[in-house]
Amino acid sequence: MLKGYTLPRTPRGTSSLAPTPPWHYAGTAVAVEFEADPEAAAAFLPDGLTLDSGRCAAYFVEWQYVSDLGVEYLDPITSQYRETIFLLSARFEGTPVAYCPFIWVDQDVSLMRGLIQGWPKQLGSTWITRAYDLPSRATPVVGPGGRFGATLAVKDRRLVETQVTLRELSDTLPAPSFARAVNVRYFPELVAGRHASPAVHELVQLKSRDVQVSPIWTGEATLQLFDHPTLELADLRPTAVLAGYRFSFAFTVDDLLPLRDLRTPAAPTPPG
């Protein structure tokens, strides 16, 4: 009998690309809030979501992850990865949510876990300024005047770059936040005649627990999105950059909330 949470499933079940949840994460993010053209942002939303505003956020995160075995970080290449996430402000049945049109990661294990959750992950190269607990010109301070940069390259092309200058502590995280984002789980059908009828097509909402957040620093930011031959991220080019952030956080994922099967037309809303 073959075992394993994901492919490849094998006799002992130890070769699966992603292990059985729960998955425990800790990360440090440089993030930017910005405004995009509302019409352009709305065009990225799936059925079931409507645009709340043109407010968006970009997150550049350096992660460390473990399963319940809790030993992956002793083999760092198994546990560490970097990621760039873009979120739009949306609504589901009147409730504010976030939606992710694009996300890039540099590890196949993270890509697999993300696809299971509905994150539309692709491979990309994210780099983020690091801070160290020593006074040196080689490290920014995590405090007033600290300057942090982040970049994303996809298929050898620079796609995004940002810089954040910290000024003060904040009581709030960037918005929209990805903690309870609504995603689309989508798996296409290859059988001839069914290419337009996916095997899986559903709206889901992320669930996390044991959430912890460090002090949140905020300040000014710049954000540039560059053209790409195929990727449409530049359609969300900022019309205004609102604020930059740096913070650390940790949480656990082992659940998901199904919201709507998009293969079935939604029932009409009763009159009145």
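1. Buried here means under 20% relative accessible area, exposed means over 50%, and partly exposed is in between (1.4 Å probe, protein chains only). At 35% relative accessibility, Asp52 therefore counts as partly exposed.

2. A word on the basis: this is a predicted model, where local features need pLDDT of at least 70, side-chain atom pairs count only at pLDDT 80 or more, and totals for chains, interfaces and linings use all residues. Numbering runs from 1 along each chain as its sequence is written, and side-chain values use heavy atoms, with hydrogens and water left out.

3. On to charges: the structure holds 15 salt bridges (a side-chain nitrogen of Lys or Arg within 4 Å of a carboxyl oxygen of Asp or Glu). One of them pairs Asp52 with Arg91, with the closest N and O atoms 2.5 Å apart. Asp52 sits in strand 2 (residues 50-67) and Arg91 in strand 3 (residues 80-92), so this pair ties together parts 39 residues apart in sequence. Strands are DSSP runs of E, at least two residues, and helices are runs of H or I, at least four, numbered from the N terminus.

4. Glu220 and Arg167 also form a salt bridge, at 2.7 Å between the closest N and O atoms. That one links strand 11 (residues 216-225) to strand 8 (residues 157-170), 53 residues apart.

5. Have a look at helix 3 (residues 108-117): seven of its 10 residues are buried, including Val109, Leu111 and Ile116. Gly118 follows, with a positive phi near 100°.

6. Leu257, in strand 12 (residues 240-261), touches Leu203, Val204, Gln205 and Lys207, leaving aside residues up to four places away in sequence (contact means heavy atoms within 4.5 Å).
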